[in-house]
Structure formats: C-alpha cells, structure tokens
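Please examine the sequence and the structure shown here. The paragraphs that follow lead through them step by step.

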Amino acid sequence: NLIDEFYIWFRTTKDLNEVERQTKHAAEIVNGRVPLIAEISCYHPGSFQEPDILLEAATVARSSGADAIGLYRTHAVEQLNLWPVVEKIREI
C-alpha cells in the first residue's frame, strides 16, 4: 500500500500514438495493482488544446488502459472553453 495511484503525464505533446503507446506500457507495468491516471495537459504549448483532439486523447488513453483521465490546469480549461469537452470525457 505504498502507492495509491500512478500518473502518466502528457505535457507537451499532442501525438495520439504516443498517448496510446505510453499508456499501454504503463498499464502493463501497473497491471491493475493501483489506478492508472492519464494526466493530459491542455495548458502547455504543443499540448491538447483543441476540443476534438483533447477528447480523442482521453478516449485513446482510456482504451489503452487508463482507469481515469486528469486534465492539467483548470485555468487552461477555462481560458480555452473546454468545459463541454470535460463533460464528454466524464462519459468515456
């Protein structure tokens, strides 16, 4: 019980193949022992700042083994008007 959860952070990329590959790799390592959270940035330059690609990244991460999705920086969600996407991510 040393680790409560394991985060993998996609900070400055919007490469869906990287999200898939890295999330699958982390899911294999974690192997269900703790929740795996894919933390997706919509804050950093070069990150998932467009609604469609953010939703796709969350979908890819979940289908690749992430138990949950985290979004980095609520003020970026506010500034980019991504709350409707957050609602869609909740349904994945």
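**Salt bridges, sheet and core**

Lys 24 and Glu 20 both belong to helix H1, where they lie four residues apart and are thus separated by about one helical turn. The two residues form a salt bridge, in which the closest N and O atoms are 3.2 Å apart. Lys 24 is partly exposed, at 38% relative accessibility, and Glu 20 is also partly exposed, with a relative accessible area of 31%. The model in which this pair is found is a predicted one.

How many salt bridges does a search of the whole structure find? The search finds three. Another of them joins the side chains of Glu 87 and Arg 90, with an N to O distance of 2.7 Å. These residues are three apart in helix H4, and therefore about one helical turn separates them. Glu 87 is partly exposed, its relative accessible area being 41%, whereas Arg 90 is exposed, at 63%; the cut-off for exposed is over 50%.

A further salt bridge is formed by Lys 14 and Glu 50, whose closest N and O atoms are 3.4 Å apart. This pair links distant parts of the chain, the two residues being 36 residues apart: Lys 14 is in the loop between E1 and H1, and Glu 50 is in the loop between E2 and H2. Lys 14 has a relative accessible area of 40% and is partly exposed. Glu 50 likewise counts as partly exposed, at 37% relative accessibility.

The strands may be considered next. Three of them make up an open sheet in the order E1-E2-E3, and their pairing is parallel. E1 and E3 are the edge strands, each of which pairs on one side only. On average, and with direction ignored, neighbouring strands of this sheet are turned by 25° against each other.

Between E2 and strand E3, which comprises residues 68-72, there are five bridges, and the two strands run parallel. The chain passes from E2 through H2 to E3, a β-α-β crossover that is right-handed. Helix H2 itself lies across E2 and E3, and its direction is at about 145° to E3.

The nonpolar residues complete the picture. Which members of the largest nonpolar core touch the most other members? Among the 22 residues of this core, they are Phe 48 and Leu 54. Two or more residues of the core come from each of the following elements: strand E1 (6-10), helix H1 (16-30), strand E2 (36-41), helix H2 (51-63), helix H3 (74-79) and helix H4 (83-90). H2 makes the greatest contribution to this core, giving five residues.

When residues up to four places away in sequence are not counted, which residues does Leu 54 touch? They are Ile 40, Phe 48, Leu 71, Leu 82, Val 85 and Ile 89.

Methods
Residues are numbered from 1 along each chain as its sequence is written. This is a predicted model: local features need pLDDT of at least 70, side-chain atom pairs count only at pLDDT 80 or more; totals for chains, interfaces and linings use all residues. Side-chain values use heavy atoms; hydrogens and water are left out. A nonpolar core is a set of buried Ala, Val, Leu, Ile, Met, Phe, Trp, Tyr and Cys residues joined through side-chain atoms within 4.5 Å. Buried means under 20% relative accessible area, exposed over 50%, partly exposed in between (1.4 Å probe, protein chains only). Contact means heavy atoms within 4.5 Å. Two strands pair if DSSP finds at least two bridges between them. A crossover is right-handed if, with the strands pointing away from the viewer, the path from the first strand over the helix to the second runs clockwise. A salt bridge is a side-chain nitrogen of Lys or Arg within 4 Å of a carboxyl oxygen of Asp or Glu. Axes are lines fitted to C-alpha atoms, for helices over the stretch in contact, and angles run from 0 to 180 degrees between N-to-C directions.
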